[in-house]
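Here is a quick tour for anyone opening this model for the first time. Take a look at the fold, then read on.

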Amino acid sequence: MATIAEPDKRRRWSMARVIIASSAGTAFEWYDFFIFGSLAPVIGKVFFAGLDPTPALIAALALFAAGFAFRPLGALIFGVAGDRLGRKGAFLITVSLMGASTFLIGFLPTYAQAGTLGPTLLIILRILQGIALGGEYGGAAIYVAEHSPNDKRGASTGWIQSSASFGLLAALLVIVATRNAIGEDAFVVWGWRVPFLVSAVLLAVSVWMRAKLAESPHFARLREEGEVTSTPLRESFARWRSVKKVLIAFFGIMCAQGAVWYFTFFYLQVFLEKSLGVPAATKDLLLIVMTVVSAPLYVFFGWLSDRVGRKFVMVGGMLLALLLYFPASHWIAGAANPALVEAQRDTPVIVVTDPRTCSVQFDPVGTAKFTSACDIAKSTLVTKGISFTTRHSTDSSTRVIVGTEAVPIQSGETLSGAELKALKTKTGDAISAELLSAGYPKSADPAQANTTLLIIILLAFVVAATALYGPQAAALVEMFPTRIRYTAMSFPYHVGTGWVGGFLPVTSFAIVAITGNIYAGLWYSVIFTGISVIVSLLFLKETAGRRLEEI
């Protein structure tokens, strides 16, 4: 009896080792990327110290997006390598490149130390990070899927999806521990480097684990039979049969994934901290709760998709997100900062100005100087997370009306840089004084927050995101044949996460800056999620349990 059970035991251990090694490496890469997303406000202060608060934050979010922008390029580079040379080698290189780039960020000079040299080097390293991550996910997901039984592929690849949670959790724990150990002031000065430097240890462990893995059995068989493609790009993107699947993967799955998942785990951070005034430490703790709860849900929904189908589970997650976006965001505001919601309702803020002097304050690279009175008024309010309406001025002057009081706003168009900065500081102080006297809180008061309700609402978004993301790896793998799977799957995935998801925070925040409505940025996620619901219902085929050899 023991001799019969022994092969099964070895197979189970072999599968567990494949999942652990693949997930650990992917978790490390997500750790690297999440550090930057979580530290966007600090990065804005450190590397864009010469800019005003709103442009500095937008520039930091844009730099976060820049890493995502290059992910599709990485998907093509490492997709070709993975389809021509093998899965193992490709994702061993990606983890090494990602780790080295992250570690070096910890040694960069700041704007105060070296001027524009620091931001320039940071951009280069972010691009390398994006390229590396572009090859990581596809390799890890495919490697696990090509080892998995057909009826357990969703559950097995669900661990790859949960690795995002482990990476985010590790990043948050390191950040919170460092902040608490040295204090916020020291963290802004030098402590922000610690999470980047810690990555060296994680890199060594990840490389060691992946180096011990063998090649994927499906690719090994393909190589033995002499069927490895020499033109994966042509086969993936120059033949309509493959292109059609790539388009369905992008519009039917990845548009929603980029919108739902990145809204839940990234944009909500900006919304809580910048729009609602929730302290950074409280925001981090809420995100830790969300992340811990999400980890097993990826595997659960992957397992569920093995039984009821990938399409049913993923579309369910998309529809739940669509139902939640607008009402739940208002509920979050009411639970996190009820005093702000009450003040906005009882004492609305109005900007009276000449619309012709107002700029579209969308500045993804953080280089524009908004100097008109209108721009100064609006950027000051947006920085404080205050919604406002705009009214036409009859005398070309600009003023901010809070209740019955008006704060006159001066133009800074003829001022020098130092004078303009002083004017904006003076204007911000004057507006803050009127807001405080009108009942607007300086920041969210944890004692007034309904923490239980806030967590419940945030976890509802977590359910939507994990229902979509949990079965996703299996669904994407099952769409494409082994010959071109790495290339054809990775590209739509990283266009969706890299462009739709990566640009969500900076675009949504900029929309808020343009409109003056802290909820206006939600339309970005609503539109992309809606596109995926329609395309999935019309064109996405069910693939659960499909034999990979038959694709």
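## A pair of strands to start with

Ile350 has Ile401 of strand E3 as its bridge partner. Strands, like helices, are DSSP runs numbered from the N terminus (at least two residues of E for a strand, at least four of H or I for a helix). The two strands involved are E1 (residues 349-353) and E3 (residues 398-402), which run antiparallel and are joined by four bridges. Two strands pair if DSSP finds at least two bridges between them.

Keep in mind that this is a predicted model, where local features need pLDDT of at least 70 and side-chain atom pairs count only at pLDDT 80 or more, while totals for chains, interfaces and linings use all residues. Residues are numbered from 1 along each chain as its sequence is written, and side-chain values use heavy atoms, leaving out hydrogens and water.

## The sheet and its helices

Zoom out and you get an open sheet of four strands in the order E2-E1-E3-E4, with mixed pairing. Strands E2 (389-392) and E4 (405-409) sit at the edges with a single partner strand each, so one side of each has no neighbour in the sheet. On average, neighbouring strands are turned by 25° against each other, direction ignored.

Helix H17 (residues 373-383) packs on this sheet and touches E1, E2, E3 and E4; contact means heavy atoms within 4.5 Å. The direction of H17 makes about 30° with that of E3. Helix H18 (residues 417-437) packs on the sheet too, touching E1, E3 and E4, and its direction makes about 175° with that of E4. Angles here run from 0 to 180 degrees between N-to-C directions, and axes are lines fitted to C-alpha atoms, for helices over the stretch in contact.

## Helices side by side

Now for H15 (residues 310-336) and H19 (residues 451-469): their axes come within 8 Å and cross at roughly 160°. That makes H15 roughly antiparallel to H19, a label for angles over 145 degrees. By class, their contact has 22 nonpolar, one polar and no charged residues. Nonpolar means Ala, Val, Leu, Ile, Met, Phe, Trp, Tyr, Cys and Pro; charged means Asp, Glu, Lys and Arg; the others, Gly among them, are polar.

Helices H5 (residues 87-105) and H7 (residues 117-145) pack at about 150°, with axes 8 Å apart. H5 is thus roughly antiparallel to H7. The contact of H5 with H7 has 13 nonpolar, six polar and two charged residues.

Note on methods
Angles under 35 degrees count as roughly parallel, over 145 as roughly antiparallel, 65 to 115 as roughly perpendicular and the rest as oblique.
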